[in-house]
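Student: I should like to learn how to read individual features of a structural model. May we work through one together?

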Amino acid sequence: MLPWLSAHPVRFPDLDLALDEPNGLLAAGGALTSEWLVAAYRRGIFPWFSDDQPILWWSPDPRMVLFPEELRVRRSLAKRLRNAGFEITRDQAFDGVIAACAELRDDTEGTWITTPMQAAYQRLHRLGHAHSVEVWRGGQLIGGLYGVALGHVFFGESMFSRESDASKVALVHLARHLQASGGGLIDCQMHTAHLASLGARDIARDRFIVYLEQYAGKPALNWALPSSSSE
């Protein structure tokens, strides 16, 4: 039986209790407060659910991750980075990025980034835990990503593109930012062929937790002073 979490205290089951099918489903209930969310990410857990479901908490095994030094930038993407005239910022339009990520797409029946989820991550952003990377052209937001940062671990939540490769440009910027800060890890959560093509790979959940303990305690990345650059 799936454990049901009360709103207080903030307490998760042992990760070994996560289901094999669906992969990684750990518990239901709890709350979307900043306290719950930060505690979840520190343990390698994240929320994922639809409007008609209770809050569901996940910790899949294996876990898809991207080590910044393993990012695969193909020749066509490298050319776009050099010549397309993108402007990249961090934390300049968090609300715009999460709203764009929540927009319904032609290949989906709905969005898991519900209004309560958006509000929860906006609160995390105001507290300095959630961050965004934005891609602009001509003053228009054309792509980006957002997620949660603990030390040198970035837990990616979603990305979007309004022009070809714009979300990939945001990911390249994020990976380079981590590398320049001394390394780390981008948590991609669950396997997708798209992320695998960019160099992400699956590792065992136990190994992921070891990396989380290694990198999450490092000094926070320099998100408080947003930077911009042309790509």
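Tutor: The discussion below takes up a helix, the salt bridges, a charged patch and the backbone geometry of this predicted model.

Student: Let us begin with α5. How many residues of α5 are buried?

Tutor: Burial is judged by relative accessible area, and a residue under 20% counts as buried. In α5, eleven of the 15 residues are buried, so the helix is largely enclosed by the rest of the structure. Among them are Val 169, Leu 171, His 173, Leu 174, His 177 and Leu 178.

Student: What span should helix α5 have, and what is the distance between its end C-alpha atoms?

Tutor: The expected span is 1.5 Å times one less than the number of residues. For α5, residues 166–180, this gives 21 Å, and the end C-alpha atoms are 21 Å apart, which agrees. After α5 comes Gly 182, with a positive phi near 110°. Gly 183 lies in the loop between α5 and β10 and counts as buried because its relative accessibility is 14%. The C-alpha atom of Gly 183 is 8.5 Å from that of Tyr 215, a residue 32 positions away along the chain.

Student: Where do Arg 201 and Glu 70 lie?

Tutor: Arg 201 and Glu 70 also form a salt bridge, with a closest N to O distance of 2.8 Å. Arg 201 is in strand β11, whereas Glu 70 is in the loop between β5 and α2, 131 residues apart. Arg 201 counts as partly exposed because its relative accessibility is 36%, and Glu 70 is partly exposed at 30%. A further salt bridge, at 3.2 Å from N to O, joins the side chains of Glu 103 and Arg 162. Here the loop between α3 and α4 is linked to the loop between β9 and α5.

Student: Which residues gather in the patch of negative charge on the surface?

Tutor: Asp 14, Asp 16, Asp 20, Glu 21, Asp 61 and Asp 206 form that patch. Asp 61 is located in the loop between β4 and β5, and its relative accessibility of 37% makes it partly exposed.

Student: What should one look for in the backbone geometry?

Tutor: Most peptide bonds are trans, and most residues other than glycine have a negative phi. In this model, a cis peptide bond joins His 8 and Pro 9, with omega about -5°. Another cis bond, between Glu 21 and Pro 22, also has omega about -5°.

Student: What is the phi of Asp 165, and what is that of Gln 189?

Tutor: Asp 165 has a positive phi of about 75°, and Gln 189 has a positive phi near 70°. Asp 165 lies in the loop between β9 and α5, whereas Gln 189 belongs to strand β10. Asp 165 counts as buried at 19% relative accessibility, and Gln 189 counts as buried at 10%.

How values were computed: Residues numbered from 1 in each chain as written. Predicted model: local features only at pLDDT ≥ 70, side-chain atom pairs only at ≥ 80, totals over all residues. Heavy atoms only, no water. Patch = residues over 30% accessible without salt bridge, like charges linked within 9 Å, V, L, I, M, F, W, Y side chains within 5 Å. Areas by Shrake-Rupley, 256 points an atom, 1.4 Å probe, with all protein chains shown as cover. Salt bridge = Lys/Arg side-chain N within 4 Å of Asp/Glu carboxyl O. Lys, Arg positive; Asp, Glu negative; His and termini not counted. Charge placed at Lys NZ, Arg CZ, Asp CG, Glu CD. Helix = DSSP H or I, 4+ residues; strand = E, 2+ residues; numbered from the N terminus. Buried < 20%, exposed > 50% of the residue type's maximum accessible area, 1.4 Å probe, protein only.
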